[in-house]
Amino acid sequence: MKIFSRLIGLALLAPSLFAQSEPTEVRRATLPENPEKQKGVSVLILGDSLALCGFGKRLDERFRKDPRINATFTYIACGTNPLSWLKDRPYTNIKTHCGFISIESDGSGRPRELQDVYGMRRGHVPIPHAVPKLEDLLTTHRPDILIMQTGTNLFDLFPDHRTVNPNRHGPELRSYFAPFINKAVRSPSPLRKIYWVASPTSGRVSKEIQDFVLEQTQRDVGGVASVIDSRTLVPYPYHHMEPDKEHFLGADMDLWADKVFDTVGHDMSEPSFATLPPLSEKLPALAMVHEQPSPPAEKPNEKPIEKPKDQTLKVKAKLIFKTEPIPVNELLPYQEYLVGYVYEINKLVAGQYSENQILVMHPAYIGLKKQKLHYRIGKTYKLQLHELEDTLWKTVKSKDDSGLINLQPYIRIQDETRHPEHAH
């Protein structure tokens, strides 16, 4: 934790950054706004933990200093995915537990800032913060441009971090993209352009996974938003890289933010940009793009089985494989982590399940505290389970070394309620 705290502190550049009573930028003289600037563009920036490492602040500064920009609103919440920003369940009241920053224009010469991140002071761990909701932000701030930096946390939909199952992972990813885009487009706001900033190179998952996530992003989002492949903007390996081989700091972060800004700035310079209609006016055309079918199942003539929501699966099963958790320094800045255990089913007590083995994800860390997993290879356990995808744990950092990628992951009902959100 000390390593990450120190580096996050360096990434955010100044001790005064962390004091909410002190601005992170030099106070500008409070003068009447330029009339031309009042007619300028308003920008909304959303980001995850990578943005906390310097990307978000740098990008905010670039837009805030641009004379074409009237107002900039930046919100960065660690551990988020696209659904985290929506009011839909199960994310309605979701909080981030590993860092939050907001930087908001308020009409004066300096932005209003709230910052709570690792490294604010010795041993500091961020408190929970509610993740702002897209529906409210679009209504309140009425941005012309939305910049959405996201994607890294979706890599944990691939438990072994190596292999892609398109028939499963394609629809799973789309379930994260489609609701966000639909809410953005259907909002009664002047939003004219969306830039979807996909992840830079990750050393934590395979290139196959990264390629697939980008391709799926382009398929599901590209008809509405401009998708930016960040892997082409900043070279890997990074100069100041965290132990997870995914988060990085310093000049590489500045380079990434600058190139994203240059992409948006180039578009704003085009004469056609000023005449772009609100996305809400293009709803029929966008709906046709967005309602394209998901990848076909392996047996297209076979009718899918409708599974009841919240179905509980009860089994008696013998533990045959355990995945070892990572060291805590590789988990930061996140605070929760799952590991995959494989059980051989002896008896199906309740529910529907056709395989003779089952993959159960157990919490190895909660609030950075290592959990005691009293499970022994060869011992039989009674398990009450829900599918992981229907819970708040579904994009928590995870690891599964079993290689059984075709098994749908489950979680114990008792563990499901141990997610930090259930404590608030």
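Two strands are taken to pair if DSSP finds at least two bridges between them. In this predicted model, strand β10, which covers residues 313-322, and strand β14, which covers residues 380-387, are joined by six bridges and run antiparallel. Within this pairing, the residue of β14 that stands opposite A317 is Y381. Strand β14 also pairs with strand β16 (residues 409-412), again in the antiparallel sense, over three bridges, and here L385 has R412 of β16 as its bridge partner.

A further set of strands is arranged as an open sheet of seven, in the order β5-β4-β2-β1-β7-β8-β9, with mixed pairing. Strands β5 (112-116) and β9 stand at the edges of this sheet and have a single partner strand each, so that one side of each is left without a neighbour in the sheet. From one strand to the next, the twist averages 15°. Inside the sheet, β1 and β7 run parallel and are joined by four bridges, and L44 is placed opposite L146 of β7.

Helices lie across several of these strands. Helix α5, formed by residues 166-186, lies across β1, β7 and β8 and runs at about 155° to β8, whereas helix α6, formed by residues 207-221, lies across β8 and β9 and runs at about 170° to β9.

Helix α7 comprises the 19 residues 251-269, which at 1.5 Å a residue should span 27 Å; the C-alpha atoms at its ends are 26 Å apart, in agreement with that expectation. The buried residues of α7 are D252, M253, W256, A257, D258, V260, F261, V264, G265 and M268. Among the elements that cover these buried residues are strands β1 (41-47), β2 (69-77), β7 (145-149), β8 (193-197) and β9 (226-228), together with helix α3 (49-64).

The axes of α3 and α7 come within 8 Å and cross at roughly 40°, and the two helices are therefore oblique to each other. Their crossing is right-handed. On the α3 side, the contact is made by L50, C53, G54, F55, R58, L59, R62 and F63, while on the α7 side it involves M253, D254, W256, A257, D258, V260, F261, D262, V264 and M268.

Terms used:
Residues numbered from 1 in each chain as written. Predicted model: local features only at pLDDT ≥ 70, side-chain atom pairs only at ≥ 80, totals over all residues. Heavy atoms only, no water. Expected span 1.5 Å × (residues − 1). Buried < 20%, exposed > 50% of the residue type's maximum accessible area, 1.4 Å probe, protein only. Contact = heavy atoms within 4.5 Å. Axes fitted to C-alpha atoms, helices over the stretch in contact; angles between N-to-C directions. Parallel < 35°, antiparallel > 145°, perpendicular 65-115°, else oblique. Left-handed = near helix turned anticlockwise from the far one by under 90°.
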